[in-house]
Amino acid sequence: MHALTRFGRAFVAPLLWLHRRLLPRDESVGWVPYLWLPYLSFFVLNAIYVQDDWSLRFAAGLALMVFLFLFFRFYWAGIRERYRIFTAITVLGLVCLPINGQTLLLYAAAFCGFTESMKRSLLLLASVLAAAVLESFIFGIPYYYWIYLVTFGLLLGLANAHFGEMHRKNAELKRSHEEIQRLAATAERERIARDLHDLLGHTLTLITVKAELASRLAERDLPDAAREIREVECISREALQQVREAVGGYRNGGVAAELVNARIALDSAHIALGECDVGASLPARHDAMLALILREAVTNVVRHSGARHCTIHLETVNDTARLWVEDDGRGGRFIEGNGIRGMRERLGTLDGDIEIRSSLAGTSLCASLPLSPRAEPVQTGLTPVQT
């Protein structure tokens, strides 16, 4: 068993070393490029079994080595260098068109999606296919070659252009979330610093004055000095509670402040925020709780819904606050994840609940939170009689 393990390690180690040299350590790249390489077998088999001229076979082998170098270099390159590599692969495919260069041109069509915009991707794709068709007519290459190239080139190019656009949007959304988190952290630090300054500045000054007064009274009036010391104790306890509240975040912006973050996140995901009414006044603790629920709900809309529109509404009916978040995205079968369970647990601490309705027309989330505490059973002190 140990010998087999050592053999496996000895076999895998060189492959990992080669992998690290060929491809960058990027999660968006991974091992996927290797899945594209088997398609080169059509080019190789054509050079070996179809071509009977050794000079053409040598040219095909040389072209293959150049292509492999450009292929792996593409994943290390920046956007400007990628354009040069794309052009080189396109030229290489056009030169090799008589010896099945369509295969290389398909790779060029696939690489069109790795640009900075959808428009640029489509222009590059059109230029590759147009050049291939034009050369086919000039050199009299059979029509079924360029029809095959145009058909599959369009499929590959359009698919990668779509995935490239999604990748750019996700990257933009990630940057927006990171910026929101950074701004939120900065605002939180400033809030805590401001609150601590306001709380402790006044409180510590008052404690100092009271302590000095108690020190002077201790020499001639012990009862008054003891009273001042007790007041210092009360002030200290009150200050400690205020500091805990400030650090704990009960003095946050609540739903109104979270709505600003929600609008930024939805705009980054190209989701229009329609009707938005959060004017209801809530107790601080309930406001902070519903702000967390709103943040999680908007995150789910951005990540999973694929919606175009979203509405947010907060109302107070019969001493109960209800927060509605609705979208017109993908609905239907709904499976609760950790986020929804976390929302239920948070609301449960204040006797609240959450209801989610999902259909083909979209998803609706309603978080209900009583504004008055649930009545506890009265303890009579009597022991029930067992019968």
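Guide: On a 1 Å grid over the protein atoms alone, a cavity is a set of points where a 1.4 Å probe fits but cannot get out, and its volume is the space filled by probe spheres set on the points, which are joined across faces, edges and corners. This is a predicted model, in which local features need pLDDT of at least 70 and side-chain atom pairs count only at pLDDT 80 or more, while totals for chains, interfaces and linings use all residues. Residues are numbered from 1 along each chain as its sequence is written, and side-chain values use heavy atoms, with hydrogens and water left out.

Visitor: How many cavities of 30 Å³ or more does the structure hold, and what volume has the largest cavity?

Guide: Rolling a probe the size of a water molecule over the atoms shows where empty space is left. Here there is one cavity of 30 Å³ or more, and the largest cavity has a volume of about 50 Å³. Its lining (residues with an atom within 4 Å of a point) includes F74, I79, R82, Y83 and F86, together with F111, C112, F114, T115 and L124. With four residues, helix α5 (residues 79–95) gives the most to this lining; a helix is a DSSP run of H or I, at least four residues long, numbered from the N terminus.

Visitor: Which residues are closest to the centre of the second largest pocket?

Guide: A pocket is an open set of points with protein on both sides within 12 Å along at least five of seven lines. The second largest pocket holds about 650 Å³ of space, and among the 24 residues that line it, S28, R82, F114, G164 and H167 are the closest to its centre. The elements that give two or more residues to this lining are α2 (32–36), α5 and α8 (143–217), and α8 gives the most, with seven residues.

Visitor: How many salt bridges does the structure hold?

Guide: Side chains of opposite charge can pair when their charged atoms come close. The structure holds 11 salt bridges, each being a side-chain nitrogen of Lys or Arg within 4 Å of a carboxyl oxygen of Asp or Glu. In one of them, the closest N and O atoms of R227 and E228 are 3.4 Å apart, and these two residues belong to a network of salt bridges that also links D224 and E231.

Visitor: Why does E228 count as buried, and R227 as partly exposed?

Guide: Buried means under 20% relative accessible area, exposed over 50%, and partly exposed in between, with a 1.4 Å probe and protein chains only. E228 counts as buried because its relative accessibility is 4%, whereas R227, at 36%, counts as partly exposed.
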